[in-house]
Amino acid sequence: MRIDEFGCKNKRTVVMLHGLAMSWRMFRRSIELLAREFHILAVTVPGHDLEDGSEFTSVEAITVQLEDELLDRGLRDVFCLYGLSMGGALALRMLANGRVHFQYAVIDGGITPYELPWLVTRLILLKDVAMTLLGRSSRRLLAMAFPPGRYAPEMADGMFRLLRHMPVRGIWRAYDSTDNYTMPTPFPALDTHIAYWYGSEEKRERKLDIQYMARHIPDVQFEEIPGVAHAELICTHPEEFADYFARLAGLEER
């Protein structure tokens with residue numbers, strides 16, 4: 001597992017987890033803004049590193065691997081955990097594990113476990129993988145899901161390279177585990193301030209995730225970001241992202 005660091009002189013640490021077929025490099029500008037005040041640990045999730053042969057295993061296994069890495073670095077009490085999409089699933093599982101304490105957690109369009117019949121989850125999995133393999137076969141098709149009006153062209157370019165790098169079995173496991181990872185019921189009582197962010201343009205797609213968070217995560221704070229789609233805030237609007245982050249943490253606004 002690769003972890004790149006920014007703002008190393010700063011005391012408060014933020015762990016950042018990207019989405020499926022994504023990289024923290026897709027929101028590097030947001031990281032650079034946060035790094036003015038925070039020590040950023042930008043994680044490259046296994047299976048998403050073009051420079052190694054790692055593969056995605058499971059949400060449960062990867063969170064334990066990351067927790068071990070943080071604990072080895074002496075990080076038992078961390079300022080904030082940020083997870084985008086698939087990274088939100090990893091973040092929720094880390095919070096449930098309780099091995100590392102976080103003062104704040106931001107689940108940005110995060111994926112929660114399906115509470116659906118098994119057969120329905122298989123059909124959804126087949127659809128998601130089939131659509132992803134279509135995008136993997138054509139840069140033009142992938143760009144249609146991330147239109148230039150909302151995302152920089154480099155976003156689709158980077159996702160295309162990652163998807164071509166990931167074996168089909170890794171893509172399958174990533175979707176299957178991200179949609180169906182295990183969580184304790186009830187969710188453990190935490191003193192972490194947990195926020196669930198979602199764009200107004202993705203509200204329909206996040207309906208089940210929002211419902212899950214409301215049912216299972218005590219005292220979660222919902223934040224609907226107007227006018228943005230999935231992953232758009234952090235990838236396309238870094239200054240606005242940094243402002244939302246500052247307000248969440250009770251910091252002085254920029």
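**View 1. Asp219 in its loop.** In this predicted model, Asp219 lies in the loop that links helix H8 (207–216) to strand E7 (221–225). Is Asp219 buried or exposed? Its relative accessibility is 69%, so Asp219 counts as exposed, the cut-off for that word being over 50%. Look also for Ala195: Asp219 and Ala195 are 24 residues apart in sequence, and their C-alpha atoms are 8.9 Å apart in space.

**View 2. Ser30 in helix H1.** Here we visit helix H1 (residues 28–34), where Ser30 is found. Ser30 has a relative accessible area of 0% and is therefore buried, since buried means under 20%. Which residues does Ser30 touch, once its neighbours within four places in sequence are set aside? Ser30 is in contact with Ile234, Pro238 and Phe241.

**View 3. The length of helix H2.** Helix H2 runs over residues 59–72, which makes 14 residues.

**View 4. The buried residues of helix H2.** Now see which residues of H2 are buried: Val59, Ile62, Thr63, Leu66, Glu67, Leu70 and Leu71. An α-helix has 3.6 residues a turn, so residues three or four places apart point the same way. What do the buried residues of H2 pack against? Their strand partners are E1 (2–6), E2 (13–17), E3 (39–44) and E5 (101–108), and their helix partners are H3 (86–97) and H7 (168–180).

Notes: Residues are numbered from 1 along each chain as its sequence is written. This is a predicted model: local features need pLDDT of at least 70, side-chain atom pairs count only at pLDDT 80 or more; totals for chains, interfaces and linings use all residues. Side-chain values use heavy atoms; hydrogens and water are left out. Helices (H or I, at least four residues) and strands (E, at least two) are DSSP runs, numbered from the N terminus. The expected span of a helix is 1.5 Å times one less than its number of residues. Buried means under 20% relative accessible area, exposed over 50%, partly exposed in between (1.4 Å probe, protein chains only). Contact means heavy atoms within 4.5 Å.
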